[in-house]
Amino acid sequence: MKKEMEEIPDELNPDLMLNTIASELLIKIAKGEIDIQKLVRKQLSDRESMTNGTG
């Protein structure tokens with residue numbers, strides 16, 4: 001499995017996706033103070049709106 005992960009481009013590699021997020025935010029996410037799933041759903045909705053020309 002490690003070899004498979006090495007073949008994934010960095011921008012699609014889940015092992016790297018949190019590297020640029022500030023530690024303070026990661027701590028709040030881990031404590032449940034930030035609802036990351038809610039933020040991801042909003043981000044995806046916003047992106048969909050942009051691709052459909054409604055955003």
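This is a short tour of the structure above, one selection at a time.

Before you start, note that the model is predicted, with local features needing pLDDT of at least 70 and side-chain atom pairs counting only at pLDDT 80 or more, while totals for chains, interfaces and linings use all residues. Residues are numbered from 1 along each chain as its sequence is written, and side-chain values use heavy atoms, with hydrogens and water left out.

**Start with the cartoon.** Helices here are DSSP runs of H or I with at least four residues, strands are E runs of at least two, and both are numbered from the N terminus. Of the 55 residues, 4% count as buried; buried means under 20% relative accessible area, exposed over 50%, and partly exposed in between (1.4 Å probe, protein chains only).

**Next, select Glu24 and Lys28.** Their side chains meet in a salt bridge, 3.9 Å from N to O. That term asks for a side-chain nitrogen of Lys or Arg within 4 Å of a carboxyl oxygen of Asp or Glu. The two residues are four apart in helix α2 (residues 23-30), so about one helical turn separates them. Glu24 is exposed at 54% relative accessibility, whereas Lys28 is partly exposed at 31%.

**Move on to Lys42 and Asp46.** Here is another salt bridge, at 2.9 Å from N to O, and a search of the whole structure finds two. Lys42 and Asp46 are also four residues apart, this time in helix α3, so about one helical turn lies between them. Asp46 is partly exposed, at 32%.

**Now pick Ile36, Leu39, Val40 and Leu44.** Together they form a nonpolar patch on the surface with about 350 Å² of accessible area. Patch members have over 30% relative accessible area and no salt bridge; nonpolar side chains (Val, Leu, Ile, Met, Phe, Trp, Tyr) are joined within 5 Å, like charges within 9 Å. Ile36 sits in helix α3 (residues 36-51) and is partly exposed at 37%.

**Finish at the largest pocket.** Its lining includes Leu18, Leu25, Ile36, Gln43 and Arg47, and about 330 Å³ of space lies inside. A pocket is an open set of points on a 1 Å grid where a 1.4 Å probe fits, with protein on both sides within 12 Å along at least five of seven lines; lining residues have an atom within 4 Å of a point. Helix α3 gives the largest share of the lining, six residues.

Methods. Accessible areas come from the Shrake-Rupley method with a 1.4 Å probe; for residues, only the protein chains shown count as cover. Grid points are joined across faces, edges and corners, and a volume is the space filled by probe spheres set on the points.
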